[in-house]
Amino acid sequence: MEILWKDSYSLGDPTVDREHQELFKLANETLLAHNKPTRTQCALKLYQHVRLHFEHEEKIMKDAGFPDLQVHIGWHNQLISQLNALSQSIVQDRWNQQDLQAFMAEWTGQHIGQADVALATYLKNRAPEPV
């Protein structure tokens with residue numbers, strides 16, 4: 001089952017939106033992998049992408065003085081923990097596609113749909129910096 005990007009996930013920041021779309025691509029590559037070595041490689045790419053994306057997003061929040069920075073970082077840490085557990089299940093031959101689908105559902109519904117939307121709203125509404 002493919003995990004589809006929806007335009008409703010777009011936050012209006014082209015870089016962040018591209019990073020989110022790449023997440024979907026990498027998740028689908030992991031789902032479609034037919035053997036353990038390929039699945040492991042795909043999961044590693046997914047993990048690396050997620051880490052870089054979170055670093056980028058956290059820099060945006062710090063630079064903007066986002067008031068919920070620590071809460072948002074907590075979300076990121078929780079998602080990284082889930083991704084680590086998913087990677088371990090691949091290594092230990094306990095791989096279950098539903099685990100990755102559940103991870104993506106949480107990411108899109110909870111994280112993008114709530115935490116990232118709150119960040120995007122804050123960035124749009126904050127006063128411009130004096131020149």
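Guide: The model is predicted: local features need pLDDT of at least 70, side-chain atom pairs count only at pLDDT 80 or more, and totals for chains, interfaces and linings use all residues. Residues are numbered from 1 along each chain as its sequence is written, and side-chain values use heavy atoms, leaving out hydrogens and water.

First, the setting. The protein chain has four helices and zero strands. From the N terminus the order is α-α-α-α. These elements are DSSP runs numbered from the N terminus: helices are H or I with at least four residues, strands E with at least two. The C-alpha trace spans about 55 × 25 × 20 Å along its principal axes. Of the 131 residues, 40% are buried (under 20% relative accessible area; exposed is over 50%, partly exposed in between; 1.4 Å probe, protein chains only). Contact means heavy atoms within 4.5 Å. Among contacts with a separation of 6 or more, 69% join residues 24 or more positions apart.

Now the part itself. Two packed helices are described by the angle between their axes and the distance between the axes. Helix H1 covers residues 14-32 and helix H4 residues 97-125. They pack at about 170°, with axes 10 Å apart. Axes are lines fitted to C-alpha atoms, for helices over the stretch in contact, and angles run from 0 to 180 degrees between N-to-C directions. H1 and H4 are therefore roughly antiparallel (over 145 degrees; under 35 is roughly parallel, 65 to 115 roughly perpendicular, the rest oblique).

Which residues meet? H1 brings His20, Leu23, Phe24, Ala27, Thr30 and Leu31. H4 brings Gln97, Leu100, Gln101, Met104, Trp107, Thr108, Ile112 and Asp116. By class, this contact holds eight nonpolar, five polar and one charged residues. Ala, Val, Leu, Ile, Met, Phe, Trp, Tyr, Cys and Pro count as nonpolar, Asp, Glu, Lys and Arg as charged, and the others, Gly among them, as polar.

Threonine 15 also sits in H1. Its relative accessible area is 31%, so threonine 15 is partly exposed. Its C-alpha lies 19 Å from that of methionine 104, 89 residues apart along the chain.

Finally, aspartate 93 lies in the loop between helix H3 (69-91) and H4. It is exposed at 59% relative accessible area. Aspartate 93 has a positive phi of about 55°, although it is not a glycine.
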